[in-house]
Amino acid sequence: MSKTKNQKQNLIDLYKASLDQYPTFFILEPLAVNPREATALKKDLALLKSKYNLVKNSLFEKALEGNKLPVISLGKGQHAIVFSGEQISETAKIIKKHASTKEKERMVIMGGVLNGKEITSIQVNALAELPSKEVLLSQLLNVMNGSVRNFMYVLKGNIKELTYVLKAIEEKKTLVA
């Protein structure tokens, strides 16, 4: 059953509102996702304040155009959009985890838009490989602390050497006297 013009415009407006709220999204082509798996994916994404929606291709393309984002041709077939919250790499990890099982591929990651710029499926997979924000911050702090720590070891070594020299001078003076 086809939609009326008002229903189509309402969908476009809904897509535009989601695009305003979520500047980053990923495009998926669900191949063999059953309702149970879709619900599990939605629950995992909800923890990250991300959301999964099936879209009407042409209406979503119009919403992209209306929001002045790169218009990605979705072509034919069913497509889903995962609107990502602030934890972008974690969202990509969840998508990658749900995309395929050992038996078969459940969905194809087609690409997306990251902060207004189009990205490919390879870049989405690269995002999924990134460590979490907390891990990256701890690695950065470790690097920053490393130079201070090394400087302290050098100072400690120089103080030890000075102590040994002073102790040797003291022993030499006691032997002479």
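## Before we start

Keep in mind that this is a predicted model. As for how to read the helix pairs, two packed helices are described by the angle between their axes and the distance between the axes.

## α1 against α3

Start with helix α1, which covers residues 5-21, and helix α3, which covers residues 57-66. Their axes sit 9 Å apart and the packing angle is about 50°. Because of that angle, α1 counts as oblique to α3. The crossing of α1 past α3 is right-handed.

So who touches whom here? On the α1 side you'll find K8, L11, I12, Y15, K16 and L19, and they meet L59, F60, K62, A63, L64 and G66 of α3. Sorted by class, this contact of α1 with α3 has eight nonpolar residues, one polar and three charged.

## α2 against α4

Next up is helix α2, residues 35-46, whose axis comes within 10 Å of the axis of α4. The two cross at roughly 165°, so α2 and α4 are roughly antiparallel to each other. Here, too, α2 passes α4 in a right-handed crossing.

From α2, the residues making the contact are A40, L41, D44 and L45, while α4 brings T91, I94, K97 and H98. That gives the contact of α2 with α4 four nonpolar, two polar and two charged residues.

## α4 against α5

Helix α4 also packs against helix α5, which spans residues 121-129. The axes of α4 and α5 come within 7 Å and cross at roughly 110°, which means α4 is roughly perpendicular to α5.

In this pair, I88, S89, A92, K93 and K96 of α4 meet V124, N125, L127, A128 and E129 of α5. The contact of α4 with α5 splits into five nonpolar, two polar and three charged residues.

## The largest pocket

Now for some empty space. Rolling a probe the size of a water molecule over the atoms shows where empty space is left. The largest pocket has a volume of about 210 Å³.

Which residues line the largest pocket? One run of them is E86, Q87, I88, S89 and E90, and the others are L130, P131, S132, K133, E134 and L136. Helix α4 (88-99) turns up again, as it and α6 (133-176) each supply at least two residues of the lining. I88 and S89 line this pocket and also take part in the contact of α4 with α5.

Key: Residues are numbered from 1 along each chain as its sequence is written. This is a predicted model: local features need pLDDT of at least 70, side-chain atom pairs count only at pLDDT 80 or more; totals for chains, interfaces and linings use all residues. Side-chain values use heavy atoms; hydrogens and water are left out. On a 1 Å grid over the protein atoms alone, a cavity is a set of points where a 1.4 Å probe fits but cannot get out, and a pocket is an open set with protein on both sides within 12 Å along at least five of seven lines; lining residues have an atom within 4 Å of a point. Grid points are joined across faces, edges and corners, and a volume is the space filled by probe spheres set on the points. Helices (H or I, at least four residues) and strands (E, at least two) are DSSP runs, numbered from the N terminus. Axes are lines fitted to C-alpha atoms, for helices over the stretch in contact, and angles run from 0 to 180 degrees between N-to-C directions. Angles under 35 degrees count as roughly parallel, over 145 as roughly antiparallel, 65 to 115 as roughly perpendicular and the rest as oblique. A crossing is left-handed if the near helix is turned anticlockwise from the far one by less than a right angle, and right-handed if clockwise. Contact means heavy atoms within 4.5 Å. Ala, Val, Leu, Ile, Met, Phe, Trp, Tyr, Cys and Pro count as nonpolar, Asp, Glu, Lys and Arg as charged, and the others, Gly among them, as polar.
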